[in-house]
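Work through the exercises below with the model open. Each task is followed by its solution.

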Amino acid sequence: MSVIKPVRGTHDLIGEEAKRHDHVIEISKRIFSLYGFQEWMTPVFEYTNVFSRSLGETSDIVSKEMYSFQDRGGDSLTLRPEGTAGICRALVTNGLTQSLPQKIFYSGPMFRYERPQKGRYRQFHQIGAELMGVSTPFADAEVIAMGYHILKELGLDEGAVLELNTLGDKNSRSIWREALVNYFKSVQAQLSKDSLVRLEKNPLRILDSKDVNDRMLLAQAPLLHEYLTKDALEFWDKLRKALDQFKIPFKENPYIVRGLDYYSHTVFEFVTEKLGAQGTLLAGGRYEGLVGDMGGGDVPSIGWAAGVERLALLLENPPIKTNPVVIIPFSEDHHSVAFPLLQAIRYNGMGAEIAYKGNLRKQLERAHKSKALLALLIGDNEVNQNNVQVKDLISGTQREVSLTEIVSYLKNKLAN
Ligand code: HAM
């Protein structure tokens, strides 16, 4: 019989890994709410054109990374490779384009057929945020500040650098694009094979080339910054000034273009050197035409997404969450006291577990190991006398507490 294996590029989140993952999401949700962002939950699959239209036919995601399939009804569906397109679709199909601005966050699994390596998976998770319907650069600064706040709260701000760029507005890009194409044509003979194809289909993609020779040619290529219109320059200045006011350190990097077609003006990435090749932790930018692509008119928006696995890998000490109380009945005969007590403790908002197996010594050992604080021992005497023995697992001391007082006793004890 063949061995059952997990699909390449997928991973199970169990134990320590699940805790790290959970911690990232919990902290992010708390910060999102401080900024007034509300959670949206959209489906993990959409009609394929939701992504192919918006992310750009020639983007890496659409051209080689999507999990697309035909369902039994013959529709072409795609497992979402990212969250922004689905959120824009949801804005339109829920009739919310007239209720702007919207401050949205989401979290969940995304799917990309990429070559798996450390920090890069085929099913991975993102947390993300979109502020939709606001065109001022101050919104960009606030949304970036929110990402920074999450990294800070996770203890990851010092190892991460915010790299920032502007792609200008449509006018800036079309004049620059012309200059760029002219330049690439003049050095055509030296371009890599892939970049020659890009020159035909989407010349801006050459900027993402990893080819060493291409990279050398790129160093001489005209920079978009030289072609920014007055409006684009003003936007860029205001953004940087607002980031300074929010006290968010950043580094300008004119080579950040991002792999998706939908961006204009602001693009940014928080990067770290601690994860090898997959060092982008949190990335995003401003987009204008996406909602229009879904038939909803232009809605100026700014957002980002972060890879939960990447953040989780970097966490120093994921917090240990354990239940403080363990109930140890000596045998099944003592369940008549143990079960109602277990329930009363939990109904009063305290965490408690019960030991089902093993002798007392083993059970106490296990309780110690789980980092519980108190063990409640229940034997014949306790059942007859309506009390329990409370063993303090840190000091080792033990005392008797009556069943009528035990809940308030625990509340007091655990509050300190
Ligand atoms: P993205 O740069 O494609 O942007 O992905 C955002 C983040 O998701 C990356 O920086 C990385 O941390 C994580 N990530 C991407 N691919 C993988 C993978 N295969 N394995 C593990 N982690 C991965 C977006 O997805 C845009 N929707 C961001 C955005 C929102 N822009 C505007 N609004």
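A charge sits over a ring if NZ of Lys or CZ of Arg is within 6 Å of the ring centre and within 35 degrees of the ring normal. The model is predicted: local features need pLDDT of at least 70, side-chain atom pairs pLDDT 80 or more, while totals for chains, interfaces and linings use all residues. Numbering starts from 1 along each chain as its sequence is written, and side-chain values use heavy atoms, without hydrogens and water.

**Exercise 1.** Find the residue that lies over the face of Y113.

Solution. Start at the ring of Y113. R122 lies over its face, 3.9 Å from the ring centre.

**Exercise 2.** Classify the ring pair of Y183 and F184.

Solution. Rings of Phe, Tyr and Trp (its six-membered ring) pair if their centres lie within 6.5 Å; planes under 30 degrees apart are stacked, over 60 edge-to-face, the rest tilted. The whole structure holds 8 aromatic pairs. In one of them, Y183 and F184 have centres 5.7 Å apart and planes at 55°, so the pair is tilted.

Next, take burial. Buried means under 20% relative accessible area, exposed over 50%, partly exposed in between (1.4 Å probe, protein chains only). Y183 is buried because its relative accessibility is 15%. F184 is buried too, at 0%.
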